[in-house]
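Here are a few friendly notes to read alongside the model. Keep the structure open and visit each spot as you go.

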Amino acid sequence: MTHIITSLCLRDRGCIEVCPVECILPGQPADKYPWMYIDPDTCIDCGACVPECPVGAIFPQDEVPAAYTAKGGEYISRVGETGHYEGANHLGKQVVLDTARQLKAGETVDLTADIQPNYDFFKSGPGYGAKDNDNGM
Ligand code: SF4
Ligand code: SF4
């Protein structure tokens, strides 16, 4: 199995630093790959990344919620969304996303839709090559 980063991710990058097998890659370019991606072939399911995530975006694959109920105010960031998010990652670098939308309290979102893009990032997307284009966001 693997852990999966979902579209609740706001690119804080804390998870990248704690992963003992360095299998979390930044999505680049961010408008095509809005979050961070876990290499499913390398992840050892240690769970160290989960508590590092300030927005609760990371789940074991079989626990990704099909009906995530929003507290209200959190964002999802997916290709096709046209909202805007600005913030800073835990290193203080600005994060700007034009694929983000704030959720309303009680709104439900199927986060299992974010599982396949994680696999695609490594199969047909940039995969580890994303490190070469990493702009720190
Ligand atoms: S810690 Fe959470 S918000 Fe930050 S990059 Fe990782 S998954 Fe995304
Ligand atoms: S579960 Fe462990 S090995 Fe897998 S991505 Fe998270 S920190 Fe890395």
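1. Ligand 2 has 14 residues around it, and the closest are Cys19, Cys43, Cys46, Ala48 and Cys49. A residue is counted here if its C-beta atom, placed from the backbone, lies within 6 Å of the molecule. By class, this shell around ligand 2 holds 11 nonpolar, 2 polar and 1 charged residues. Nonpolar covers Ala, Val, Leu, Ile, Met, Phe, Trp, Tyr, Cys and Pro; charged covers Asp, Glu, Lys and Arg; the others, Gly among them, are polar.

2. A word on conventions: this is a predicted model, where local features need pLDDT of at least 70 and side-chain atom pairs count only at pLDDT 80 or more, while totals for chains, interfaces and linings use all residues. Residues are numbered from 1 along each chain as its sequence is written, and chains are lettered from A and ligands numbered from 1 in the order in which they are written.

3. Now turn to ligand 1, which is surrounded by 15 residues; Cys9, Asp12, Gly14, Cys15 and Cys53 are the closest. Its shell divides into 10 nonpolar, 1 polar and 4 charged residues.

4. Next, some backbone features. Most residues other than glycine have a negative phi, and most peptide bonds are trans. Glu22, not a glycine, has a positive phi of about 50 degrees, and sits in the loop between α1 (14-18) and β2. Helices (H or I, at least four residues) and strands (E, at least two) are DSSP runs, numbered from the N terminus. Is Glu22 buried or exposed? Glu22 counts as exposed because it has 12 C-beta neighbours inside 10 Å; the cut-offs are 20 or more other C-beta atoms within 10 Å for buried, 12 or fewer for exposed, and in between for partly exposed, with C-beta atoms placed from the backbone.

5. Asp45 also is not a glycine, and its phi is positive, about 55 degrees. You will find Asp45 in the loop between β3 and β4 (58-60). With 11 C-beta neighbours inside 10 Å, Asp45 counts as exposed.

6. Look too at the cis peptide bond between Gln28 and Pro29, where omega is about -5 degrees. Pro29 lies in the loop between β2 (24-26) and β3 (36-38).

7. Finally, visit Leu111, in the loop between β10 (108-109) and α2 (115-123). Leu111 is partly exposed because 19 other C-beta atoms lie within 10 Å. Leaving out residues up to four places away in sequence, Leu111 touches Thr6, Ser7, Val64, Pro65 and Tyr68 (contact means C-beta atoms, placed from the backbone, within 7 Å).

Key: Contact = placed C-beta atoms within 7 Å.
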